[in-house]
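Reader: Before I use these coordinates, I would like to go through the assembly with you, one question at a time. Please show me the sequence and the structure.

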Amino acid sequence: MIERLTVQTHGQGLVELTAEVNAVVRQAGVREGLCTLLIQHTSASLTIQENADPSARRDLADWLARLVREDDPHFTHTAEGPDDMPSHIKAALTATTLSIPIVDGRLGLGTWQGIYVWEHRRRGSRRRVLVHVS
Amino acid sequence: MIERLTVQTHGQGLVELTAEVNAVVRQAGVREGLCTLLIQHTSASLTIQENADPSARRDLADWLARLVREDDPHFTHTAEGPDDMPSHIKAALTATTLSIPIVDGRLGLGTWQGIYVWEHRRRGSRRRVLVHVS
Amino acid sequence: MIERLTVQTHGQGLVELTAEVNAVVRQAGVREGLCTLLIQHTSASLTIQENADPSARRDLADWLARLVREDDPHFTHTAEGPDDMPSHIKAALTATTLSIPIVDGRLGLGTWQGIYVWEHRRRGSRRRVLVHVS
């Protein structure tokens, strides 16, 4: 079973979608199985991160913004703006696909784990995520 | 089939679990299929790395420790100690889930590949890994 | 169904294999399912990246080469040449396995996404990729 989710982002940062993915798993009625996610973009990515303290996610995004600088003078792929090439690099350093075992009809995540879409562009947009359950 | 593995870590560094995962695959009796791993933590991660020379894994962990510094003055998420926020970043830069095809009843890894739990905290602990075989 | 692909690389950089993987999916005759890739090496990796402008992939590889320097004086694992240890690090920072939902008999990639083998060694070689379709 495949479901298409759409996640609205609001500029750079992480947007949680754990509840939406668990709803897809519940709807599929699978007790034990596998849930696979693919984000259909190269300037946003997926990550499993701490779901408790938002400061951890802010520090994470800020750290990556300091590592992959928009003003890097070596970039040649600049036609789509200064945040475009850094977005591709950030996507390559994080995850485009995730596979999560399903246990007792729910995602088998740890207590403090959430699934996030990580927007790397300055401007928010609607990001498409494919969810496969088997 | 889902199995829960527990891996004891001993401070920062990589702990191999290839043999334990191959044992789960053997027990499942699957000749051709897929084995998916999820580590249920956000301050430790998974990686497939060279299993021959331990110096490669030491250099890898040391390099990442130089990239993600504990004394970064920008961090605000510091309540759980100076190694906590770097751990989340290191986990985001490596893998939380891995999916490995099963060939002839064994993990289809290359000759020099091993599966590792990568502990990012200074203190060792018992890390939980879900293993799904289908 | 498992297929073994071989990808010839030509020194550092990205080589696309989207068409080859789609051919495996087509041959498997699966309309809706999951396609999992594993590269059987620790000095090359997999990535899903922009398939339009080659300058994005060049900037990506060049950026990573500036981050993980061959002349890092801290490396001890140097017997296989100055590009060996950086290769392992680059592989750990990118992907060794990818799982892609299959939709309507094709890989469910976004419009601008392609699958790439990322060679991290200076010298090209024949890289083995396992493709599992279910």
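Reader: Do the copies meet through the same or different surfaces, judged by the interface residues of chain A and chain C?
Author: This is a predicted model, in which local features need pLDDT of at least 70, side-chain atom pairs count only at pLDDT 80 or more, and totals for chains, interfaces and linings use all residues. Residues are numbered from 1 along each chain as its sequence is written, while chains are lettered from A and ligands numbered from 1 in the order in which they are written. Two residues are in contact if their C-beta atoms, placed from the backbone, lie within 7 Å. Only 9% of the interface residues of chain A are also interface residues in chain C, so the copies meet through different surfaces.

Reader: Which rotation superposes chain A on chain C, and which C-alpha of chain A is nearest the axis?
Author: The superposition is by least squares on the C-alpha atoms of residues with pLDDT of at least 70 in both copies. A rotation of 120° with 0.0 Å of shift along its axis brings chain A onto chain C with an RMSD of 0.0 Å, and the two copies are thus related as by a three-fold rotation axis. In chain A, the C-alpha nearest that axis lies 3.3 Å from it and belongs to Leu93(A).

Reader: What ipTM does the predictor give the complex, and what is the mean pLDDT of chain A?
Author: The complex is given a pTM of 0.98 and an ipTM of 0.97. For pLDDT, the predictor's confidence in each residue from 0 to 100, 100% of the residues of chain A reach 70 or more, and the mean is 97.

Reader: Which element gives the largest share of the side of chain C that touches chain B?
Author: In this interface, 22 residues of chain C are in contact with 25 residues of chain B. The elements giving two or more residues to the chain C side are β3 (33-39), α3 (84-93), β5 (97-103) and β8 (126-133), where helices (H or I, at least four residues) and strands (E, at least two) are DSSP runs numbered from the N terminus. The largest share, five residues, comes from α3(C).

Reader: Which strands of chain B stand at the edges of the open sheet?
Author: The sheet has five strands in the order β1-β8-β3-β5-β6, with antiparallel pairing. Each edge strand has a single partner, so one side of each is left without a neighbour in the sheet, and these strands are β1 (2-8) and β6 (106-107) of chain B.

Notes
Pairing = 2+ DSSP bridges.
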